[in-house]
Amino acid sequence: MKKTVLFILIFLAVGSACFYGIAKAVNRPDTILSESDVSSMIQQKYGGTIENASFSQKNDEPIYRITLLKDDIPYHITVNGENGEVQSLIKQKVEKQTFTQTKNDTEEEQKKSEQPPVSPTSDEPLISMEQARDIALQKVKGTFSSVEIEEEEDQTFYEVEIDQSKTREAKVMINAYSGHVDSITYENDDD
């Protein structure tokens, strides 16, 4: 009797796994967008110049990673290769450098480097949670969900969550002192 029950359970497990695999294969689109199609879509949507595009598979999902240069600022964009949906858009920090220095400038830099770095005069962020929410809603369309303050690598950020639909959410990371948007990440809830 125990062998019969064990056999039935194994048969059901194998059958379920086969059914899942077949259902996954049937629901999968046959076409993957070309690199040029994805690059054109991104360029039309955001403007700028495509610097780099690469294709990879992530959890059996085709993904394009694109570097876009707009107004001398690089953006790293992740795009679903099946439907062209932008999954993340991250603005990279660019430090401006000046190449003309006088002797006095060099001496001042040496003095500054000998001193410990100066942190903001107070522990309180310069912008409020409400301001962070407003900044995020200007960048991403949707309904405000939540805002939290976070510390990463000695920097303070607001993480603002915005619901764009029942299954799509945007997380906007805003520098708590400057109010600059550091990154926007889109997440889909495919449960």
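This is a predicted model: local features need pLDDT of at least 70, side-chain atom pairs count only at pLDDT 80 or more; totals for chains, interfaces and linings use all residues.

Visitor: Where does V86 sit, and what does it touch?
Guide: V86 belongs to strand β4. Leaving out residues up to four places away in sequence, V86 touches I42, K45, Y46, I77, T78, V79, R168 and Y186.

Visitor: How far is V86 from V38?
Guide: They're 48 residues apart in sequence, and their C-alpha atoms are 9.9 Å apart in space.

Visitor: How do you know what span to expect for helix α2?
Guide: The expected span is 1.5 Å times one less than the number of residues. With 12 residues (35–46), α2 should therefore span 16 Å, and its end C-alpha atoms are 16 Å apart, so the two agree.

Visitor: Which residues of α2 are buried, and what puts them on the same side?
Guide: V38, S39, I42 and Y46 are buried in α2. They cover an arc of only 100° around the axis, so they lie on the same side of α2.

Visitor: What covers them?
Guide: The cover includes β1 (49–58), β2 (61–70), β3 (73–80) and β4 (86–91).

Visitor: What comes after α2?
Guide: G47 follows, with a positive phi near 75°.

Visitor: Which residues of the largest nonpolar core touch the most other members?
Guide: Of its 28 residues, I42, I77, Y158, V160, V172 and I174 do. Elements giving two or more residues to this core include α2, β4 and α4 (129–139).

Methods. Residues are numbered from 1 along each chain as its sequence is written. Side-chain values use heavy atoms; hydrogens and water are left out. Helices (H or I, at least four residues) and strands (E, at least two) are DSSP runs, numbered from the N terminus. Buried means under 20% relative accessible area, exposed over 50%, partly exposed in between (1.4 Å probe, protein chains only). The arc is that of the directions from the helix axis to the C-beta atoms. Contact means heavy atoms within 4.5 Å. A nonpolar core is a set of buried Ala, Val, Leu, Ile, Met, Phe, Trp, Tyr and Cys residues joined through side-chain atoms within 4.5 Å.
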